Amino acid sequence: MPVIVLVGAQWGDEGKGKATDLLGDRLDYVVKFNGGNNAGHTVVIDGEKYALHLLPSGILSPNVVPVIGNGVVVDLNVLFQEIDGLEARGIDTSRLRVSSNAHVIASYNRSLDKVSERYLGARRIGTTGRGIGPTYADKMNRVGIRVQDLFDESILRQKVTAALLFKNQVLSKIYNRSAVKAEEVVQELLSYVDRLRPYVADTALELSQAIDNGKVVLCEAGQATLLDVDHGTYPFVTSSNATSGGACTGSGIPPTRIDRVVAVLKAFTSRVGEGPFPTELHDKWGDYLREVGHEYGTTTGRPRRIGWLDLVIGRYAQRINGVTDFALTKLDNYDGMDEIPVCVAYEVNGVRHDEMPINQTDFHHATPIFETLPGWKQDISGCRKFADLPREAQDFVEFVEARIGARISIVGVGPGREAVIERHSVLGDA
Ligand code: GDP
Ligand code: IMO
Ligand code: MG
């Protein structure tokens, strides 16, 4: 029985939430392994829209056990708001498991995220302001607060006090903000303890036992390949490993137990926040795709930057993640277009690059080399089989598939759960 890792191939918002939801009936566990409430996944079921941030998308499938892994950073206020919001809509959240090793986003890290962005001015990252970067920095600096620390009041007080020794200096002396009182932070965190207790578990152990017992586990990434802190467009990245390797460290599932890696690739490209973007559109086509694709951030509401599909990035995502299957989403957003440019390589200072340039400066200056494919004049949202697609749409899928190093197993033709073509089973024989 397989363990599957699902990642984003581009800069996020490829439709990972929908892809997880699509597989939901066939899964036993869905594990979020990185990031926190910087993520925003929109899932549409029977016309009802659900926006998930911190909870894994698997929470919407009644038989799935959703897991927040050790690699996640947890804003407890957001966690309970999201749980309450779903419960109010009749979704049972009682199966949720939260790793005792996951780190907690303290209020001072939300403040630091916002003030440091303001301080950077034109050099800002364009973060979501949710405290993600400072919380991961604390983890690496070994001054973070873990979920388990909330259950030992004296340890919690010691850790918060120790973290604030330095942070209060930074807040007051560099950013000219008032210092934070350790006791207020401690009391806020303690206020969640009773509600949190039933969810907390040794999730790595539970997942290991589940895999031994033949359960189907899907590890769902937040963010995406080019937002990965190691493999992305640093420093315009998030502060965690969003690529498939992060699924191991962020869940405790070892690499030897992973069977398949699915990457979600949007049929065009979007990016939220700052940083290089070779195929970015500044013309009517960018505006057109933003509107037909409703490309506004699920988390911050910011208009997403839009560009043509970039197959250099697709190939890179395949290689870095070891992708076995792609899900190509939002093909329907091209309906009615005469022709569709696709970037197949870059030119930098007169030199052709078929792979990601080694230096980010070159990536900044890359000019896309496009091939233009014919569009189709038909609404494809009702297609459920590959053969139902117009010839040009089939050719488009096959053109992309031939250049990204792995098969395209799923094609998305609309936002709803049902609006999908499954060409191959990504779960194998499960
Ligand atoms: P995620 O962060 O990767 O889960 O993606 P988001 O939810 O932030 O953004 C993807 C958006 O595209 C959501 O609004 C989805 O409902 C929508 N979506 C996903 N797949 C498709 C598709 O195949 N066609 C269309 N039209 N919309 C899709
Ligand atoms: P999903 O899971 C798109 C971007 C932010 C910013 C950078 C760093 O919905 O695909 P952070 O707050 O993480 O420190 O911000 O990363 N970013 C995302 N962009 N989709 C996301 O998540 C993102 N999560 C973070 O806009 O550029
Ligand atoms: Mg999103």
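Leaving aside neighbours within four places in sequence, which residues is Asp13 in contact with? They are Gly40, Lys266, Ser270, Val272 and Arg304. Contact means heavy atoms within 4.5 Å.

## Basis

This is a predicted model, where local features need pLDDT of at least 70 and side-chain atom pairs pLDDT 80 or more, while totals for chains, interfaces and linings use all residues. Residues are numbered from 1 along each chain as its sequence is written, and side-chain values use heavy atoms, without hydrogens and water.

## Binding site

An unreviewed UniProt entry places the feature "binding site" at Asp13 and Gly40. Such annotations may be inferred rather than shown by experiment.

Asp13 lies in the loop between β1 (3-8) and α1 (16-23). Asp13 is partly exposed, at 21% relative accessibility. Gly40 sits in the loop between β2 (29-32) and β3 (41-45). Gly40 is buried, at 13%. Buried means under 20% relative accessible area, exposed over 50%, partly exposed in between (1.4 Å probe, protein chains only). Beyond four places in sequence, Gly40 is in contact with Asp13, Leu52, His53, Thr298 and Thr299.

## Sheet

An open sheet of 10 strands runs β9-β7-β5-β2-β10-β1-β11-β15-β19-β20, with mixed pairing. Strands are DSSP runs of E, at least two residues; helices are runs of H or I, at least four. The edge strands are β9 (200-201) and β20 (420-422). Strands pair if DSSP finds at least two bridges between them. β7 (97-99) and β9 run parallel, joined by 2 bridges.

Technical notes: Chains lettered and ligands numbered in written order.
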